[in-house]
Structures are given as structure tokens and as C-alpha cells.
Amino acid sequence: MKSMTISGQSFPELKEYYRDGIRTPFSMFSKYYRFGADNKEIKKAISDSNPHVVAISSLFTTYSMEAQEIAGLAKEVNRDIVVVMGGTHPTVFPEIVLNNRDVDYVIRGEGETPLFQLIQMLQSGIKDRIDEIPGVCFIKEDNIRHISDIYIEDNIDLIPDRSFLRQENYRIGKKNYTFFLTSRGCPFSCSFCGKPPVPYRRRSLASIEREIEDCVNLNIQAIDFEDDMLTYDRKFFNNILDMLKGKGVTLSAMNGIYAETLNKETLEKMYDAGFRRLNFSLVDISSTVIKKQKRHLPAKFLQLLPFLESSAFLVEIHFIIGLPEQTPEDVIETLIFLMGKRLLPGPSIFYFAPGSPVFDKNFNNNPEGHLKSMRSSSMTEVNPLFPRNVIYTFMKLTRFINFVKHCLDKEPSLEKLTDIPALLSRGKKDIDRQIFSTLLLEKRLIHYDIVKKLFADEPQNKEIISDFFRKADKAVIRGFKTMNSLVVDV
């Protein structure tokens with residue numbers, strides 16, 4: 001998928017944090033990108049296909065204006081085109097979406113059946129019965145809004161015919177790639193999650209087996225599972241792994257690997273079936289923080305961790321920075337715990353997810369005026385203990401830890417943290433050495449300005465840095481791909 005740099009974005013409050021033209025081994029984002037077609041290409045595609053209906057997926061509230069731009073492009077091509085919008089954002093905020101007169105219909109919930117029935121009625125001209133279609137919302141001729149309940153699909157074995165897709169357009173690396181669902185919904189209600197209340201349901205094993213065969217026949221070489229709870233039913237999941245074993249497909253799951261139902265046998269099956277990298281969600285190492293977020297304690301994950309470290313898997317553990325009622329000390333303890341394991345810490349910055357209980361409590365279920373802040377990269381202060389410079393400092397400390405892990409994987413002779421500057425000198429990376437040494441010796445984050453050719457301070461909270469190194473003294477940092485380790489000695 002092609003990308004393009006976006007200029008002129010209205011994020012002046014982030015200018016000092018996300019900067020182009022600097023060098024640091026603990027790098028963050030420097031530019032904003034848009035992926036996929038631009039508006040000109042999209043408008044041409046709509047015009048060339050001359051459709052009666054344009055259906056738009058709007059998953060994220062923070063990007064909902066971009067989805068509405070597409071609705072406007074369709075109407076510019078032809079005002080008679082019927083624009084239908086679905087996804088998480090219209091499901092949670094149907095009335096707000098219908099305020100845009102370029103949107104004719106909203107589908108709340110799962111859209112396969114409602115969209116099919118809507119198109120059937122539009123074709124037949126029976127518009128006066130559209131309000132009978134579950135999940136479909138619209139403004140009637142008398143200006144009365146018809147807002148349907150969230151639709152839950154009865155038959156989740158309904159699968160689109162993959163032969164209509166141009167598989168060469170969907171690749172990851174050099175592999176043909178696809179998404180895959182074996183189940184829908186989640187049985188839990190975490191306080192920070194904005195997913196609509198959709199119950200957990202499993203597809204039939206027969207339909208899953210048929211779709212796997214379809215994927216193999218279409219030469220799909222990599223599958224990414226998009227289930228909210230892929231491993232929730234261990235017996236069911238084991239059956240799926242048996243189907244995939246020997247197919248030669250690389251498997252991944254960014255979400256949905258629920259550690260509390262896993263055991264060593266299932267993990268071994270996952271490897272045999274094609275999983276090589278596992279992503280787990282820890283949230284925080286503190287049981288107090290976990291309970292306040294209405295999460296289950298990760299007891300089983302902690303039991304499995306020694307096995308995972310000794311296995312051939314690459315493991316990434318996601319934790320959250322800036323949760324309500326979390327403290328900086330909680331995050332420091334989580335970082336110190338994770339850096340001592342053979343895994344990669346993956347930080348997520350907390351933000352108010354529209355539709356979540358904490359969002360409803362703080363915004364009265366109305367996102368207007370706050371769209372830009374509803375993304376992790378905005379580093380918006382939600383918890384007063386985590387202003388933007390504290391959040392940024394924790395992101396940088398995580399980058400520092402992962403840089404050390406990278407060094408350990410390359411150089412097994414490292415014994416202590418203060419050995420790394422000499423390693424960087426051997427690699428002729430004097431700028432990186434200076435930045436690394438300044439952090440160790442002065443507990444200060446700096447970067448190198450490529451244009452001005454000088455070092456300058458990063459925005460940061462020096463107390464957090466000092467506290468981290470004080471508590472990490474004599475602690476161990478272990479590699480990501482190897483069990484190589486060193487001791488923190490500063």
C-alpha cells in the first residue's frame with residue numbers, strides 16, 4: 001500500500017515532539033502519512049465505476065472526517081449516488097454521522113445482512129419499508145430520524161467470495177496476505193475499550209475449514225487473525241490450528257491472543273501451525289491498576305512467560321501509559337519487569353476511545369470538538385499525573401530499552417549498560433554514542449539536529465528519568481531475540 005506525507009496538519013501542540021531532521025537512536029514519529037489512494041484517485045474510481053451505491057467503512061472516530069470526505073466525493077460525482085456508512089464510528093454515533101447530508105444511510109453493528117437488504121429495497125423501489133431493516137438508520141422525509149438498534153448477525157458463517165479480490169493488491173512483504181475471522185465479539189467489558197457491545201460467537205469449524213482451503217487455493221501465504229478473542233475457547237482454537245498445520249501459511253494476530261486460556265501444548269500447536277511472533281496485552285504489571293480497568297489479572301501469562309522465553313517465538317508485550325488512576329511509578333515498575341524478559345515491550349498511550357465507559361463518563365458520549373485527541377499519537381493528558389512531557393518521556397525510555405535489547409541481540413559480550421557506548425564507538429556511530437552516554441551520565445534526553453549540526457534537549461521530565469534509573473539500578477535487561485543480558489550499572 002502506497003503512502004504519502006501529509007503536510008499542513010493542524011497539530012501545533014505536537015511540533016516539538018514529532019520533528020523531522022533530527023537523529024536519535026530512540027526515534028519516534030517525524031511525519032504524518034496517509035496510506036492508500038488520495039481523494040483525486042478515489043473520486044476517479046467512483047466516477048469510472050458509475051455506481052448506484054457507495055458503501056464507506058468508518059472505523060475510527062478520530063478519522064471520521066476523512067470518511068465523510070469520501071461521502072462528499074461520491075455526491076460530487078453524482079448526487080443520486082446512495083451513500084451508506086458503517087463501522088464502529090457510525091455504530092456508536094449514528095445521529096452525528098447523519099448530520100452530514102452527504103450520508104444517506106447508516107448501518108449500526110454488523111452490516112452484511114442490513115446492507116444486502118437495503119440494496120434489495122433500493123433496487124425494488126420499496127423505500128417506505130427501509131425502516132423495517134434492522135441496523136439501518138436514516139432521516140425520513142418528514143425530517144424524523146430513524147435510529148435502529150445495533151444489528152447482530154445471525155449467521156457469521158456468511159463469507160464473501162474471495163475470488164472477487166485482486167490478491168496481488170494485498171501483500172505483506174513479499175507474501176500474499178489476508179485477514180481472517182474465526183469468531184466475533186468479546187465476552188469482557190474493559191473500561192477503556194470502545195468496541196460496541198457485540199456478544200462473543202464462534203463460526204462453525206466446517207466454514208472455517210472451507211475458507212482455509214479457499215485461501216490456500218488462492219495462494220495466500222500469510223493470514224492475520226482479526227478476532228477480538230482468538231484463543232478464548234482453547235478446544236475450538238486447537239481444532240483450527242490442526243486445520244492450518246502443514247499448509248505453509250505464516251500466521252499472526254495483532255489482537256486476540258488471550259493468555260489466560262493458553263497452555264504449553266496450545267502454544268506448541270501455534271508454532272507448528274505457522275505462528276512465529278506473538279502479541280500479548282499486559283496493560284500494567286500492577287494488579288491494582290488491572291482491577292480498576294475491569295481486566296482479568298494476567299496470572300496465566302506470568303506462569304507461561306518462562307516457557308515463552310525459552311521457545312522459538314518472538315514475543316511482544318503491550319502495556320498502556322497514562323491510564324486513569326495509574327501512576328508514573330506503576331509504569332516504571334512495568335518497564336523494569338518487561339526489560340528483564342526476553343520480549344519486546346510495546347507501549348500504547350491511553351486515549352479516550354469513543355464508546356468506552358470512560359469516554360461516556362468524561363464526554364457525555366459526544367466526540368465533537370475532540371476528534372484530534374482521540375488517537376494515541378496525540379499524547380493527550382487524561383490523567384493529571386501524565387502530562388504530555390511525562391508520556392513522551394516514557395515513550396523514549398521504552399525506545400531506549402528496546403535499543404539496548406537490539407544491542408544485546410547483536411553483541412553477546414555485553415555485560416553491563418555502560419559497555420554500550422564503546423560498542424557504538426566501534427560502529428562509528430558517534431552521534432548515537434553521545435546521545436546514549438548523555439542519558440546514562442546526566443539522565444537527560446537529547447537529539448542531534450541534522451540541519452543545525454548540534455545537540456539539543458528533547459522535551460522530557462527529568463524526574464521520571466532519574467526515578468527510572470534509580471529503581472532500575474542492578475536490574476537486568478535481556479534481549480528480544482536472544483537470552484543475552486546485561487546489568488544496569490548507572
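The axes of helix H8 (residues 264-273) and helix H10 come within 11 Å and cross at roughly 40°, where helices (H or I, at least four residues) and strands (E, at least two) are DSSP runs numbered from the N terminus, and where axes are lines fitted to C-alpha atoms, for helices over the stretch in contact, with angles running from 0 to 180 degrees between N-to-C directions. The model is a predicted one, in which local features need pLDDT of at least 70 and side-chain atom pairs count only at pLDDT 80 or more, whereas totals for chains, interfaces and linings use all residues. Residues are numbered from 1 along each chain as its sequence is written, and side-chain values use heavy atoms, with hydrogens and water left out.

H8 passes H10 in a right-handed crossing; a crossing is right-handed if the near helix is turned clockwise from the far one by less than a right angle, and left-handed if anticlockwise. Lys-264, Leu-267 and Glu-268 of H8 meet Leu-304, Phe-307 and Leu-308 of H10, contact being defined as heavy atoms within 4.5 Å. Asn-263 belongs to the loop between strand E14 (250-252) and H8. With a relative accessible area of 18%, Asn-263 is buried, a term that denotes under 20% relative accessible area, against over 50% for exposed and the range in between for partly exposed (1.4 Å probe, protein chains only).

H10 (residues 299-310) in turn lies across strands E15 and E16, running at about 150° to E15. These strands belong to an open sheet of 3 strands in the order E15-E16-E17, with parallel pairing, two strands being taken to pair if DSSP finds at least two bridges between them. Strand E15 (277-283) and strand E17 (344-349) form the edges, each pairing on one side only, and the twist averages 25° from one strand to the next. E16 (residues 314-321) pairs with E17 in the parallel sense over 6 bridges, and the bridge partner of Glu-316 in E17 is Leu-344. Most residues other than glycine have a negative phi. Val-283, found in strand E15, has a positive phi of about 75° although it is not a glycine, and at 0% relative accessibility Val-283 counts as buried.

A further open sheet of 3 strands has the order E2-E18-E19 and antiparallel pairing, with strand E2 (22-23) and E19 as the edge strands, each of which pairs on one side only. Strand E18 (residues 446-449) and strand E19 (residues 454-457) run antiparallel and are joined by 4 bridges, and His-447 has Ala-456 as its bridge partner in E19. The hairpin of E18 and E19 has 4 residues between the strands, and in it Lys-453 takes a positive phi near 60°. Helix H15 (residues 430-442) lies across E2, E18 and E19 and runs at about 155° to E18. In the loop between H15 and E18 lies Lys-443, a residue other than glycine whose phi is positive, near 55°, and which is buried, with a relative accessible area of 19%.

For helix H5 (residues 112-124), the 13 residues should span 18 Å at 1.5 Å a residue, and the end C-alpha atoms are 19 Å apart, which agrees; the expected span is 1.5 Å times one less than the number of residues. Thr-113, Pro-114, Leu-118, Met-121 and Leu-122 of H5 are buried. They cover an arc of only 160° around the axis and therefore lie on the same side of H5, the arc being that of the directions from the helix axis to the C-beta atoms. The buried residues of H5 pack against strand E4 (53-57), strand E5 (82-86), strand E6 (105-107) and strand E7 (136-139), whereas the face of H5 turned away from its buried side carries the exposed residues Phe-116 and Gln-123. Just after H5, Gly-125 takes a positive phi of about 80°.

Phe-363, which lies in helix H12 (residues 357-363), is buried, with a relative accessible area of 17%. Not counting residues up to four places away in sequence, Phe-363 touches Phe-352 and His-370, while the C-alpha atoms of Phe-363 and Leu-323, 40 residues apart along the chain, are separated by 16 Å.
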